[in-house]
Structure formats: structure tokens, C-alpha cells
Amino acid sequence: GAGVQAQPQRPGQGLQESRPLSQAEVQKQSIQEVRRSLPVFPYREDLLLAIQQHQILVIEGETGSGKTTQIPQFLMESGYNDGGMKIGCTQPRRVAAMSVAARVAQEVGVKLGNEVGYSIRFEDCTSERTVLKYMTDGMLLREFLTEPDLASYSVVIIDEAHERTLHTDILFGLIKDIARFRPDLKVLVASATLDTERFSCFFDDAPVFRIPGRRFPVDIFYTKAPEADYLEACVVSVLQIHVTQPPGDCLVFLTGQEEIETCCELLQERCRRLGSKISELLVLPIYANLPSDMQAKIFSPTPPGSRKVVVATNIAETSLTIDGIIYVIDPGFCKQKSYNARTGMESLIVTPCSRASANQRAGRAGRVAAGKCFRLYTAWAFKHEMEESTVPEIQRTNLGNVVLLLKSLGINDLIHFDFMDPPPHETLVLALEQLYALGALNHLGELTKLGRRMAELPVDPMLSKMILASEQYKCSEEVLTIAAMLSVNNSIFYRPKDKVVHADNARQNFVVPGGDHMVLLNVYTQFWVIFIWHQLGYSTQWCYENFIQFRSMKRARDVREQLEGLMDRIEVEVCSSGGDIVPIRKAVTAGYFYHTARLSKGGFKTVKHQQTVYVHPNSSLFEEQPRWLIYHELVFTTKEFMRQVWHQY
Ligand code: ADP
Ligand code: MG
């Protein structure tokens, strides 16, 4: 039964015999056979019985055992969706929600968006018929606004619970609460083999169902000295593996899109140079903004005689399992949000990952056969420089968004909210203060009418304030575009390593007075004129020539449409300032006045906390150095940089 740990199977002699299945072999296995081969399959009946007997169940299983794709199907097969009830399954990452939903729709044999669908911010791929809904944890949180008891759900699965994202942590508290007065609701908390006792404890000693995993041994190698340039070290390691090691795919962990793209370009370039001297190396990226057809590629089987290398963010740590990985390259870094509760400043920082993360990463090499993990750091660094585990997001992020949402749900006493790990007191106070300053809360800490409308928009409070302020200043057309462009995550401009000068010149052509927000508005406006009046081929060509990412533009368009739809719901009239920049400036300032900085001795000082910050080199105002600025966000790379800045006079 459950809870019995199976002995890991030892592979045969040498790697040769434990190689992953070839494409032909894989194709022979029908989807059903694959399903039956997953570790969770033998536990189907035990699991369903345990779910029947307990309202809340914690499920622990090795990554790749079939928790995310199979358990919801078991529930469907045994009628948990009867009477039009839904089964919901949350994922911390949007890519995971999309990819898993696509896979499950295929396994069930339905079109994605019909019985099986997904819902992520700015993209709803569900319908009236959807009974199994994968979604980001943030989306389920927003559903509380329209359905506070989640009445349409019979089962809610909080998946990847060990990730401890902010939204997952808040869901824990809310769901524990509604479970008390909805005895018919089943709650499953699914996690990799980490922390499960804590989940059980939080949910009033809910039982833990353990799915014994299979894991082959993984040899771990460290570098003798620290690597100066881990990106270059990754490229070299991949090529070394490719020419010296037996067959088997390779997985590289990097911290974000930019790094991943650079790494892929370098790998492709060096393979080209080596030409026919080496066998084929398929280089595939995976990160949050990758379009779904490209995402699907990482799962297709590797043709015989070649090797696949997947270059991924943390997403491949536990959320997505790629079959056939034998080699893992781990530089030991991840991009993390960090929050200074004293200054209220949030930034994204590349930091060493935790030992728990490093071990999960290494584990990816041992799923189908004995594997190898190359850590691009020293054994000493692993022992002494890495934290034991990752700090839950709730303790290192701005809580403005969540506080606004909880207030809209009528939860006023945030100090006594049932947090698994409470956020620092100062962080809560700061969020309240900021919402008060934005006008979302009154002096009693109660939600204002503005705050209620702000909560309707699925964006951060400052951005929603900017959007709502555009109503008053009569420039919502422009501000919606700016908001949409800001939401596509700095992926508008393409800047390949070998064409930096061309790319920067192309960007220069879009520069208009005001600052980066106006540049974004300009790009969007020009692009859509071309897109609407010319053929598709011409607009992709135009993007290519101007070093603009076509996909990001389309995404910005989608986001804008969604926001415009929401404006309708909160009854904001959409109108244009007719080329006048002043109203736009006012709306941006109404939202981002907290982010004001003033020129001082070569750099800038933030007005609120006198912190030294710099204009990002990619900004249109990098040369100009105006006296006053408003910035959209701070990123920390070599210095504390302001990204997307706006000129204040
Ligand atoms: P867990 O949630 O326990 O980590 P999953 O249910 O995600 O496990 O994975 C089970 C299996 O399904 C894995 O072998 C994985 O490779 C496969 N799988 C998941 N998503 C996809 C996909 N989009 N395409 C192909 N295979 C997939
Ligand atoms: Mg999973």
C-alpha cells in the first residue's frame, strides 16, 4: 500500500543498456501503456479510497510519478465531475498549466479547451464543457472574488505545494477555511518529496499518501574551482558531454529567458562550426514566455543518433518532466524576487539556489536510467554557501496585490489570517500603507470604491491605479497599451549577441520624447498599423528588420484586449488623449509616484528611501540623464537598475 518506499531499480551493466527508448520504441507504446507505466498507476485504487475517506489529503511523490497528469484523470474516471462539478488543479507556473493541460487533453482524447482546459492570466482556454481545469494558483485565487466558496468545484488540487509561491500559500489559508463549511469539497495537496509533514500539520494532521518513486543513482560531479562565467561553462560542458558521453539527453538549468536564448545561440553556433565532426545536437529552450508550439517540442522523442539538450529555467526542476534526461548541468543559480521590507523595494536577483533545489535538479538525471549531474560550483560552495531550502515567497515579496485581494474578499484582519508561514510584520504594514497611499484603502484600512475597482484588474496595484487614473485624465487608450506592453516582460526588443549594434540602432529609431513608456506606445502603434493594413508576411518581416519580437507583440495585443474587456466591466470609458502626452504622464505618475528618483552624483536616488539606483543601459533615457524620473521596476544585475523609465520635468 501507500507509504512503502520501493527499492530503486539498479540499471544493467553500463549506460548503454539503460539508454532511453528510441523514437520507434516510444511510438509503439500507446498512450495508455505510458499511463500504466507511471509510478502512480498501481496506487490508483488505494488513492481513490483515501480520497473518499478523507476530506483533505496530502500526496507526496517523486517528480514525474504522474501526480499532475494522472490523479485528475482518476478523479474524472470515478465521477467526481458528476452533476457538472469541476476538478481544479493549480500550478505555480503558467507554462506548466498550459503544457500539462495539453498533455492531459491528448490522453483523455479531447480537444484542449473542451472537457480539459486551462486558465492563466490573460488567457482563458476553457469552455462551458470544461470539467478538468488546470490553472495558475493566482487564477484560482481570483476565482474567490466571484465564487467565495468555490461552489462549482468538487475537488481542488493544490499542486506543486512545495514551491510555496505567494499565491499557493494564500490558497492554503483560504481553502482550509472553506473546507470547514463545505464538507463535500475534496482538497488534495500534492508535492514533490519535500516538506510534506508541514503540509499535513497545517491542514489539521491530514494524512499523507506517499507514492513510492523510482529513482536511479545519479553521480554528482563538482568543479574544482568556482566558474567565472557560468554561461560559458554550461556551453562547454554540454559540448563535452555531447562528444564524450554515451547517448542520453541533457538538461541545463539557467535563470531566465535572456540567458537561455544566449546559451542556445552559442550552442548552435559552435555546433555549426564543428559541422559534421559531431553528431546532431538538438537545442531546445523552455521558459515562461515561450509560445506553446515551441514548448511542446521539448517533449518530442529524440531521433536516434542525435542528442537533445533542453535549456530551462526552474520550470524543469519539478513542474515539468522531460523523459530521457540522463545528464544535468546545474550552474547553481536561480532568479529570485527579493524584497526589502524597510525600503519597500522589490527586485529580481540572480542568487545561488538552495541545496533542496540543487538536489531536485540532480534528480532529473535519474528518472529513466542512472545519470550524471555536473554542478558548476565547488563541493565546498554546496555545503557552505547554499541555503538549506528556499525561503517561501511570502517572506520575500511585496504583498500589495494579495492584501488588496484579501480585503476584497472581506478579510480585514490580516494579522490573524491563517498563514502557514506568516509574512514579516513590516511587509504587511508596508503593503497597507502603499494601498492607502494609492487610495485603495481609507484611513481605517477599509477598501474604498477605487480599491474595489482596482482589485478587479489582474495586475499589481500600482499598474491598476495607473489604468484607473487614465479614466480621469482621459487617456485610457494609450495607458492600456502601455500597461499591456509593460506586462509582456521586457521581451519586446530582440537583442542577439552577434547583432547588438544593429539591434540598438533599430531601437533608437523608435525613441520619442518622454521615455520608455512612450517608446513602447510608439512601437505598439506602428506595429498595429502595419499588422492591420498589410499581409502577415510583411508584419513579421517588419518585426525582423526592427529587432522586435513578433510573438511578444501579439501577446501584448491579447493582454490589451483582456484589459479592455475588464474596463468595460468596471465601467471605465476608453478614450484617447489625441496625441497629448501630459495626461498620460499624469496617469503614470498617479500609479507610480512611489517609484520616483532624482538625479544625484552620476546616479539617481529614490525619493522615498534615498537608495542609489541607475538607469538601465537599454533605456531610451540612458544618455539623457534627466533630473527626475519615474521607473517601472528595479532589476539587480551588476547594479541596481531601473527598467522602463519615464522622464519627469
Ligand atoms: P508529476 O506531477 O508527478 O511530477 P507528471 O504527471 O507531470 O508527474 O508527469 C507524468 C509523465 O507525463 C512524465 O513522464 C512526463 O514526461 C509526461 N508528460 C507530462 N507533460 C507532458 C507533455 N506536455 N508532453 C508529453 N509528456 C508529458
Ligand atoms: Mg507535477
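## Sheet and strand pairing

Two strands are paired if DSSP finds at least two bridges between them. In this predicted model, local features need pLDDT of at least 70 and side-chain atom pairs count only at pLDDT 80 or more, whereas totals for chains, interfaces and linings use all residues. Residues are numbered from 1 along each chain as its sequence is written, and chains are lettered from A and ligands numbered from 1 in the order in which they are written.

An open sheet holds 8 strands in the order 4-3-5-2-6-7-1-8, and its pairing is mixed; strands (E, at least two residues) and helices (H or I, at least four) are DSSP runs numbered from the N terminus. The edges are taken by strand 4 (123–125) and strand 8 (208–211), each of which has a single partner strand, so one side of each is left without a neighbour in the sheet. Direction ignored, neighbouring strands of this sheet are turned against each other by 20° on average.

Strand 3 (residues 116–120) runs antiparallel to strand 4 and is joined to it by 3 bridges, and Ser119 stands opposite Asp124 in strand 4.

Helix 6 lies across strand 2 (86–91), strand 3 and strand 5 (132–136), running at about 170° to strand 3, where angles run from 0 to 180 degrees between N-to-C directions.

The axes of helix 5 and helix 6 cross at roughly 45° and come within 10 Å. That makes helix 5 oblique to helix 6 (under 35 degrees is roughly parallel, over 145 roughly antiparallel, 65 to 115 roughly perpendicular, the rest oblique). In this contact (C-beta atoms, placed from the backbone, within 7 Å), helix 5 contributes Thr68, Thr69, Pro72 and Gln73, while helix 6 contributes Val100, Arg103, Val104, Glu107 and Val108. By class, these contact residues are 4 nonpolar, 3 polar and 2 charged.

## Surroundings of ligand 1

Ligand 1 is surrounded by 17 residues, of which Lys67, Thr68, Thr69, Arg103 and Phe299 are the closest; a residue is near if its C-beta atom, placed from the backbone, lies within 6 Å. Helix 5 (67–77) and helix 6 (94–108) each supply at least two residues of this shell, which divides into 4 nonpolar, 10 polar and 3 charged residues.

## Helices 20 and 22

Helix 20 (residues 476–487) packs on helix 22 (residues 516–533) at an angle of about 95°, with the axes 9 Å apart, and the two helices are therefore roughly perpendicular to each other. On the side of helix 20, Glu478, Thr481, Ile482, Met485 and Leu486 meet His517, Leu520, Leu521 and Tyr524 in helix 22. The residues of this contact comprise 6 nonpolar, 2 polar and 1 charged.

Methods. Ala, Val, Leu, Ile, Met, Phe, Trp, Tyr, Cys and Pro count as nonpolar, Asp, Glu, Lys and Arg as charged, and the others, Gly among them, as polar. Two residues are in contact if their C-beta atoms, placed from the backbone, lie within 7 Å.
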